[in-house]
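Please read it alongside the sequence and the structure shown here.

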Amino acid sequence: MNTTAQPNPTSVGTLLRGEVAALAAWTADWRASSVTRDVALIFAGAGAFGAAMGCWRDPWQAVFASIKLPLIMLLTAAGNALLNGMLAPLLGLRLHFRQSFLAILASFALASAILGAFSPLAGFVIWNAPPLAEGASNSATHAAILLLLVVVIAFAGSAANFRLLQLLRALAADSAVARRVLFAWLAGNLFLGSQLSWVLRPFIGNPLMPVEFLRGDAFHGNFYETVFRSAVQLFN
């Protein structure tokens with residue numbers, strides 16, 4: 001008799017180890033315990049990293065950032081769930097709306113767990129950095145800390161998407177199809193996530209501006225317009 005223990009798709013350890021068989025089983029069926037696990041990981045991990053980011057500016061900014069970073073992930077997953085569910089069949093992978101949402105949610109939960117693991121390091125660096133109010137926004141310290149935060153976020157996202165690619169390969173049984181679906185999903189997530197980050201700014205904050213949850217012009221303009229204007233100024 002086979003006594004090998006089957007992986008539990010609802011456990012945190014299963015998610016962190018990226019056990020593809022268990023994750024495939026978890027995306028095939030809606031489990032309230034797994035959804036709760038992923039949402040809790042997103043709020044705990046991304047929230048801790050957001051707090052580390054915001055504490056350089058002000059304790060209240062840390063509180064605000066700890067709420068906004070998880071919100072961006074959850075809103076991006078929910079907002080793109082229908083789009084991702086439609087793109088997958090067009091690219092050769094038959095997935096239901098529920099499966100695409102759960103797969104994206106699991107990848108965000110894994111990224112959040114990695115961010116949470118790095119939050120003590122980010123907090124330590126920021127704690128030992130000069131206060132933000134004493135330095136210009138283009139100082140070497142400011143640039144170094146921003147680079148550190150970007151590198152950590154990029155690493156967490158890359159690791160999570162690697163696991164997501166493995167899951168898509170298992171579901172599609174075709175590496176080419178899995179890559180196409182992943183790239184299409186990433187494009188949608190980047191598009192919506194960037195705009196949500198723009199609306200929910202600031203995360204660190206400008207020392208010359210008051211600490212606030214949202215800026216007064218949060219819904220004026222958009223992320224892509226700002227990037228375009230910056231590029232025009234740079235090349236002119």
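The residues that line the largest cavity fall into eight nonpolar, two polar and one charged, where Ala, Val, Leu, Ile, Met, Phe, Trp, Tyr, Cys and Pro count as nonpolar, Asp, Glu, Lys and Arg as charged, and the others, Gly among them, as polar. The model is predicted, so that local features need pLDDT of at least 70 and side-chain atom pairs count only at pLDDT 80 or more, while totals for chains, interfaces and linings use all residues. Residues are numbered from 1 along each chain as its sequence is written, and side-chain values use heavy atoms, with hydrogens and water left out.

**Cavities and pocket**

A cavity is a set of points, on a 1 Å grid over the protein atoms alone, where a 1.4 Å probe fits but cannot get out; a pocket is an open set with protein on both sides within 12 Å along at least five of seven lines; and lining residues have an atom within 4 Å of a point. Grid points are joined across faces, edges and corners, and a volume is the space filled by probe spheres set on the points. By this rule there are two cavities of 30 Å³ or more.

| Space | Volume | Lining by class |
|---|---|---|
| Largest cavity | about 70 Å³ | eight nonpolar, two polar, one charged |
| Second largest cavity | about 40 Å³ | four nonpolar, three polar, three charged |
| Largest pocket | about 1,400 Å³ | 28 nonpolar, 14 polar, two charged |

The lining of the largest cavity includes Leu15, Ala103, Ser107, Arg163 and Leu164, and H5 and H6 each supply at least two of its residues; helices here are DSSP runs (H or I, at least four residues), numbered from the N terminus. Around the second largest cavity lie, among others, Arg57, Gln61, Pro202, Glu212 and Arg215. The largest pocket has 44 lining residues, with Leu69, Ile72, Ile153, Ser197 and Phe203 nearest its centre, and H6 gives the largest share of that lining, 11 residues.

**Nonpolar core**

A nonpolar core is a set of buried Ala, Val, Leu, Ile, Met, Phe, Trp, Tyr and Cys residues joined through side-chain atoms within 4.5 Å, and buried means under 20% relative accessible area, exposed over 50%, and partly exposed in between, with a 1.4 Å probe and protein chains only. The largest such core has 56 residues, of which Phe49, Leu164, Leu168 and Trp185 touch the most other members; its largest share, 14 residues, comes from H5. Leaving aside residues up to four places away in sequence, Leu164 touches Ala103, Ile104, Ser107, Leu182 and Trp185, contact being heavy atoms within 4.5 Å.

Thr27, in helix H2, is buried at 1% relative accessibility, and beyond its neighbours within four places in sequence it is in contact with residues including Arg98, Ala103 and Leu167. Leu190, in helix H7, is by contrast exposed at 60%.

**Salt bridges**

The structure holds three salt bridges, each a side-chain nitrogen of Lys or Arg within 4 Å of a carboxyl oxygen of Asp or Glu. In one, Glu19 pairs with Arg17 at 2.5 Å between the closest N and O atoms, and Glu19 is partly exposed at 23%. In another, Asp38 meets Arg37 at 2.8 Å, N to O; Asp38 is buried at 0%, and Arg37 is buried at 7%. Asp217 forms a salt bridge with Arg201, their closest N and O atoms being 3.3 Å apart. Both Asp217 and Arg201 lie in the loop between H7 and H8, so the pair ties together parts that are 16 residues apart in sequence.
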